[in-house]
Amino acid sequence: ATLLLSRCLLKMVKGNIVVPEDILSFCCNGLQGSTSPPRAQEPGEQEEVPGAMASPSPTRNPTEVQMSQLVLPCHTNHRGELSTGQLLKWIDTAACLSAERHAGCPCVTASMDDIYFEHTISVGQVVNIKAKVNRAFNSSMEVGIQVSYEDLCSGKHCSICKAYATFVAQGPSGSKVKLKPLTPQTEEEKIEYSIAAERRRMRLVHKDTLKDLLTRSPRETELETRDGSAAVPAEKTRVESVELVLPPHANHQGNTFGGQIMAWMENVATIAASRLCHAHPTLQAIEMFHFRGPSQVGDRLVLKAIVNNAFKNRWVPAVGCPHPTLPVALCTLTPSSLLPSMEVGVCAEAYGQEMSISRRHINSAFMTFVVLDQGGRPCNLPMVAPEPGDGERRYREASARKKIRLDRKYVISCKQTEVPLSVPWDQSNKVYLSYNNVSALKTLVAKANWVLAREKEKVRMYTLEEDKFLSFRIEMSVRIAAGQAFSLLSDLRRRHEWDSHYASAELVQQVDNDDMIYHVVSQTLSHENKPQDFVILASRRKPCSKGDPYVVAFRSVTLPTHPASAGFTRGETVCSGFCIWPESEEMSKVAYYNQATPGYLNYVTTNVAGLSSNFCATFKACEKFLLKNKEDLIVRLQNL
C-alpha cells in the first residue's frame, strides 16, 4: 500500500496537483517504515529510538567509537582493493574521535605502533573499525583499534589488523592537558588497561633496542650477495613528491590530519617499492612511528621514499621449520614475516613558504612490502645496492629492524597458548620477552573467573581452568609495606629461604635493573628420578600509577650458556609470579600466580582439588620470611 501511495504521490507532484495533508503525512510515515498513523504519546512515556539511533548499553565503554565504511571504487587501487592509505585515514579518524571523547578537548596523534595487515579488502565490502581508550596517563593516552571487514553478500567477517595509537590532549594554546583516569569495567578492558603500561615502556626503549642490535651485528655479514641476481641501485627507487596542505586535508583543529599524512607517505612508499620490483607491491606491515611536530593548512609537505633493503627467503625447510635457528612454532606462526620482502623508508617534511629553506621534520616511517603473483604466491625480489655512507647505514638498519619485527611479532602477537614455553633469549628480543613475561602475568591477574577453592589460616587459594592450563592464585595480607615485599620477593636467590621446593637459584645474567635471568635447581624429582632445573627470566615492575600493583613475573627462556644437562631434567614455566597491592602504609596483599601445564612441577599439579598443607605451609613460610627480613631491609636501604 505504501508503494502504491508513493507512486500516486509522485504522479500528483509531477502534475502540479495539490496533495491533501493527511495523504502526504500518511505516505511519508509509510516511507519511514510506519504502516499506521502515529499515535499520541502517553504522559511520561519516552519516545522509542530506532535501532541504529539507540543509545549505547550501560556497560559499553564510554570512549568506544565505531565506524563502518562501504568500500567504493574511489577508495581502491588498480586491483580493486582498498588503498592502505585510505584505511589509515579511517583508522586515525576513529582513534582520534575516541581519544577526544575521553579528553573532552582536541587531541593529536603522537605515535602508532606496528600494524600487520592480514587481508586485503575489496570493493563492495564494509570496513568496521572499533576504537576505544585503553588507558590514560598524564597527558597522553593509548587507543586500541580493531579493524575487520564484512562481506555483505556472504555475511562473512574477517579480522584485518589491530593497532595501538598514542594521542596527546592539547589545550587552547597548544599546552598539554592533564587527563582524567580511566576505570576499566570488563575483563578485556582490565587486561588492556594493565598491559598498556608495558606497551608504553616498550615504545620508550624502541630506539635503544635498534641501536643496541646494530652495535652487536657483525658488519661483514650485513651486505648480502646473491648469486645470479643483478643488484638494483637504491637511488633508482628514490621518490620525492610535494603536497600542498589544503583545508580538506586538515582536521577540526586546523592541523594537517595525521591520517592524511600517513596516506601520502604510503603513496610515495608504494611508488618506490614498484620501482624496485617493476610490479604492484602489497603493503604488509608498517613499523612503529612517531609524529615529531604538526603542520598546518598552507604548508608544503615534501614526502621522500627509498627502498632501504630487500630480503630474500633463503631458508630451506628442515624438520618442519624454514629457519634452522628458530623454533618450529615461530615458523608456523609467522609465515608472512618469512616471505621475500622489501623495506621502504619514507619521511615527511614541511615548510611554510615556497622559497623557504628550512624544513620541519614531521614524521618518518618504515613500510614492508611483498609482491604476490596472480595466485597469491610470493615473488622473489632483486637485490638492492645501497649507496656508500647513508645508504649502507639504512641498509644495515633495515636488517636490524627486520630482526626486531620478527621477534616482536613472534613474542608479542602470538596467543599465550601458541608461544613455546622456553623462547631463546638474546639482546635483540630482550625487550619483547620482558614485555611478554609481564603482560602474560597481568593478563592472568585480570581474569574474572577465578574460583575460591579453599581458605585456611587466612591463606586463600583460587583456581582457574582455561584452555589447556590450570592456574592457581594464592593470596594473603601481610604486615609489610608493598615496596619492601617487592624487593624481597623479586630476588630468586633468597627463594630457598622460604620455599622448600627450591634448592638454589644462581643469577646468571643481570639484563638491566628490571630484568634478571636465573638458573634454578628444584628439590622436586622428575619422572626420570632426577632433580629439575629451570632457566627463568624474572621481570619486575613498580606501579605505573596509583592502584597498580608491584609485579614480579617469571617465565622460562633458553640460554646458550646454560643448555640442558644430563644431571637434571629441564623444566619449564609458562607464566608465574607475584603481584603486591598496598592496602595501607604497613599492610600489603601478596598474591602468587602460577599457570601450570601438566608437565610443570609435580607439587603444583598434585592436590588440585583443595588447598594442600604443602601450599599453605609454603605461603605461611613466605609470610614469616617477609616479616623477619623487613627490618633488615629498612636498615640496608637507609645505609645506601
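A crossing is called right-handed if the near helix is turned clockwise from the far one by less than a right angle, and left-handed if anticlockwise. The model discussed here is predicted.

Q: What is the handedness of the crossing in which helix 3 passes helix 6?
A: Helix 3 passes helix 6 in a right-handed crossing. The contact is made by Thr84, Gly85, Leu88, Lys89 and Asp92 of helix 3, together with Gly258, Gly259, Gln260, Met262, Ala263 and Glu266 of helix 6.

Q: What makes helix 3 roughly antiparallel to helix 6?
A: Their axes come within 8 Å and cross at roughly 165°. Angles over 145 degrees count as roughly antiparallel, and helix 3 is therefore roughly antiparallel to helix 6.

Q: How do you know that the span of helix 3 agrees with its number of residues?
A: Helix 3 covers residues 84-103, which is 20 residues. The expected span is 1.5 Å times one less than the number of residues, so helix 3 should span 28 Å; its end C-alpha atoms are 28 Å apart, which agrees.

Q: What caps the N-terminal end of helix 3, and what follows just after the helix?
A: The cap is Ser83, with a side-chain oxygen 3.2 Å from the backbone nitrogen of Gly85; a polar contact requires N or O atoms within 3.5 Å. Just after helix 3 comes Gly104, which takes a positive phi of about 75°.

Q: Why are helix 4 and helix 9 called roughly antiparallel?
A: The axes of helix 4 (residues 187-204) and helix 9 (residues 430-445) come within 9 Å and cross at roughly 165°. The cut-off is over 145 degrees, and the two helices are therefore roughly antiparallel to each other. Their crossing is right-handed. Among the contacting residues are Ile191, Ile195 and Met202 of helix 4, and Val431, Tyr435 and Val438 of helix 9.

Q: Why does Leu244 count as partly exposed?
A: Partly exposed lies between the buried limit of 20% and the exposed limit of 50%. Leu244 has 41% relative accessibility and therefore counts as partly exposed. Leu244 is placed in strand 8 (residues 239-244).

Q: Which residues does Leu244 touch, not counting those up to four places away in sequence?
A: Leu244 touches His249, Trp264, Gly298, Asp299 and Arg300. The C-alpha atoms of Leu244 and Asp299 are separated by 6.2 Å, although the two residues are 55 residues apart along the chain.

Note on methods
Residues numbered from 1 in each chain as written. Predicted model: local features only at pLDDT ≥ 70, side-chain atom pairs only at ≥ 80, totals over all residues. Heavy atoms only, no water. Helix = DSSP H or I, 4+ residues; strand = E, 2+ residues; numbered from the N terminus. Polar contact = N/O pair within 3.5 Å; in protein donor to acceptor, adjacent residues only side chain to side chain. Axes fitted to C-alpha atoms, helices over the stretch in contact; angles between N-to-C directions. Parallel < 35°, antiparallel > 145°, perpendicular 65-115°, else oblique. Contact = heavy atoms within 4.5 Å. Buried < 20%, exposed > 50% of the residue type's maximum accessible area, 1.4 Å probe, protein only.
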